[in-house]
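Let's walk through this model together, starting from a single side chain and ending with the chain as a whole. Keep the viewer open as you read.

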Amino acid sequence: MFVVGALAAGPVAALDPQRMVTQYTHRVWTIGFDGLGSSALSITQSPDGYLLFGAQDGIYRFNGERFQRWQPWARTPRSIRFVNSMLFARDGSLYLSLRDGLARYRDGKLFFFKEQLIEPSLFEDARNTIWIGYLGYEGGHNEICHVDGDRVICRGTADGALCSYGLDAAPSPQGGVLSFGKEGVCRLSRSGRESRLDYPGGRSMGYARVTWDRAGRVYAMLRSTNQDFNLETDGLGWKPISSSQKIEDGRTFFKDREGALWIGTYHSGLWRVVNGKAEHFTHADGLSSNNIASIFEDREGSIWVATTQGIDQFRAPRIVRFAAQEGLSGDRPANLFVTTSGDLWVPNVNGVDAFRAGHLLTPAPRGSSRPVVLSLAQDSHGRTWSLVGGVGVFYGNERTPVRNDQLVPLQYPKDLAATPDGSVWTGSIRKDRAAREGTLVQMRAGRVVAAFPTPESVDRAEIHKLASDGGIGVWVGLENHGALIFRNGRFSSLALPANTNVEGIAPIKPGSAWMSTMDGLYYVTTRGAARRIGVADGLPCEAFPGVTATSTGDLWLKSDCGLLHIARRELDRFMNNESARLRADQIDAADGAPIDEFSNHPVETPDGRIWFSNFTALFMVDSGAGSAPGRPIPAFVDDILADGKSLLATKGRRSPTRPRRIEINFSGTDFDRPDRLEFRYELSRGRQLWRGETKGRSVSFTDLGPGRYRFMVVACENGIRCSRTPAAQTFDIPPTFVQTWMFKVAMAFLAAFAAWAAYRIWLRQVTIDVQRRTEARLGERERIARDLHDTLLQGFQGLLLRIQGVANSLPREDHLRAGLEGALNRGEQIIVEGRDRVRELRVDENGLPEILRKFVDDASLDCDVEIDLEIEGIPRDLRGGIATEIGQIAREALSNACRHADASRIVLTVEFGPRQLSVRIADDGKGMSTQRSHPDATAHFGLSGMRERAERLKASLAIDSAPGRGTEISLSLSSSVAYSPNSGAMAGLLDRAGDLFDRTWSRLQKRSSDMEPSP
């Protein structure tokens, strides 16, 4: 026997859902597509909002778009397969019912209970205890079990239990636990006491599935061994649940929050039972399969059905469709009308249908013998007026034709509108002329009282739409000629394009209205202003066959891209700012809206529902369906892939070095309209920032440098409903060796060393050049000195000896001898001076301090001036010829100071520095102008001679002097040019290193062919 029953504390009225199963939005995912690899056996929703599907080959996670294999734990020897049920406990643990036992996932670890259970059923009671109903084995401890830490404790007849072989379990409405066994239901109270309730007729059951609702009522689906199926319910006894259809072959079932009972079968598809009325939905209606394994309701109210061929979603759409299948009298609903009592009347091809509080009234409160009722109206006295196509206008519930004393043709009237003065207005067409002529007809108290032809300025255009302006005026929409306002017996034109066909009129207040056309929306006033609004202003489309303004000031537009809702505050913001863009909530085909260009005038009922038709079906906008307004959409970072390798599964989320491509997958758990989701993301590293928007679920970055990155993403629907907080993940890209700071420092040192080496090479070349020139000059001077000594001076000496012999042969008193002796004395002086000059040409092998000290001593004898020599630093050996050249410059400077400065003191200072050799000669004499030339070029070269010597040494020579301030001559020479490489270890580490480099370079470089040794 098959029984569906409820255990309740007392009679409870069933909820009354507003929709049939055919009015739900239905989506299907089949196996093999969108990531779903096998048939699902169970469904649950994680605390963070994901849907989890337990399947034959593991667990799949669903984000609204795709299914992904979900295994957050490390690999285990035992695989997760055939997940028959899943339960998220309040402590965050996930319990998995497997074909071969029970497992628990908590804190990143998967734990298998050692107790052998077969497909156990699970639930958690109010005390956070996990209970196991179906155990799947015979024995003395098989009534019911519960989880205690890391073990499962079971009880059965061997422990004094009243039931055996548990089939399923549920929380008891009276507190405690209900265990459904083979022979009956046992209630285990919180105090440990147990009572048993036998099944009706003492039957034995072989199958049980139970569910319960929020009120604690428990429902059971039972099957007896003789395969006799029935539906029953239970309080503290049993009572059947009525159903208009006999439902057999049941496998699973579920009670949703609206009170509907969903039943899945093995072979017969899906059943939905509401107030005893059973609706059937099968594979022929679009179900993925007729074999249903599980049914689940998510937090947003969608029903999910797992079948052997895929996953089905049933979602309450924002727009509910009504046609003949849902109970209408026909499939041609016309202009809608809301009565003064708040009912909605729907003129139809076979009569008038009526709705009250969103429900179809069957039968309708008023009948109609007239076919093709096109429009209805009520005057200010509550009398009903009907417009019947091809017949005319009727007064008083379609029983009395309107009295037409003026013989206005009313066979083809257009629309009805009532004004507060008791008048009802319609448009008529005269056919007694060559061309048709539109006429506005005023009716009152069941008769025609006046007729007003449309003006010639609009070519007597036919009237298409009518609406009261809230006073005594009437808005008149014309066929392809714009619109007029009629007041006090006359028409006034409005600022609309001449060829505009007004499809809908929504009065706002006297003097202003919204008018919809197939070429945009217009805001119109009687003052002549009209503002067009379309795609350029932010709307998604601009063909609008219908418009209405609600009591709260919101605007609803029927369009060729669905239904648009514009809130009052958004309208005010847009109308007060000409540069603003208008944001509209778009309700399209996925929400149940028809996508076409046909619609009558939408209307609002007092309960806030919006109704419209497209002349084939009636549609109701349910503001309470779908996602709750303002509900944030959670966003998640699903994975971060570095060249295809997941980083979230690695320790520290470290990428391999130099990844070519970083792919970040993310999602937002919006199961109602995932196609509307947009994602705003940001990737940052220090001050670097990458931002963007995408409708996809992933974004890629190429050739990212090393460092720590932070990725954040926010999910938004239509740019309005967004995540409360962004989802964020960090990851590291380690540097390669060439990207580390050590390598950069090493490269900096290497670059500095290369620059220093290049400088040393250049300096060595300069030094070699100076040495070559100096050695050549010194060699030339040695040759000249030798030649002068060996030729000229020796010749002079021999000549003087011969002259001396001639002089000695003359008598002493001879005046000629006296002359010769005087010439001989002068010749000896010349020879002495010549020898001095020759000696000066020779290279002095003494050090610079000895050379300068000798020059100071010689200068002290020639002039009456105090001359001091000061040596600073440790004296060092100089390169060949350098000391002699510096000495000659110093000697010239001392000579000039003695002869021309009129000084009382001269100071000669030599500084042996680590970077340069400096020589300064300073006096306190009368000074001179540094701009004045010195013509005395014969005095040992003079200043120009000193400059020439300095240039040959690659030294800098500076003269600082002014009249009355004395004179200072400074000579500076680089240490690498001046000092000898063998001058000692006290020159400093840098110079020693430079010298070592120079010697190494010298060994590697061949000597230039023009380098010759000194003679």
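Leucine 800 counts as buried because its relative accessibility is 13%, where buried means under 20% relative accessible area, exposed over 50% and partly exposed in between, with a 1.4 Å probe and protein chains only. You will find leucine 800 in helix α2, residues 741-808; helices (H or I, at least four residues) and strands (E, at least two) are DSSP runs numbered from the N terminus. Beyond neighbours within four places in sequence, leucine 800 is in contact with Leu824, Gly827, Glu828 and Ile831, contact meaning heavy atoms within 4.5 Å. Glutamate 828 is 28 residues from leucine 800 in sequence, with a C-alpha to C-alpha distance of 7.9 Å.

A word on conventions: this is a predicted model, in which local features need pLDDT of at least 70 and side-chain atom pairs pLDDT 80 or more, while totals for chains, interfaces and linings use all residues. Residues are numbered from 1 along each chain as its sequence is written, and side-chain values use heavy atoms, leaving out hydrogens and water.

Now turn to a sheet. Four strands, ordered β15-β16-β17-β18, form an open antiparallel sheet; two strands pair if DSSP finds at least two bridges between them. β15 (168-171) and β18 (194-198) each have a single partner strand, so one side of each lacks a neighbour in the sheet. β15 pairs with β16 (residues 177-180) over four bridges, and proline 171 stands opposite valine 177 in β16.

Zooming out, the protein chain has eight helices and 69 strands. Of its 1015 residues, 50% count as buried.
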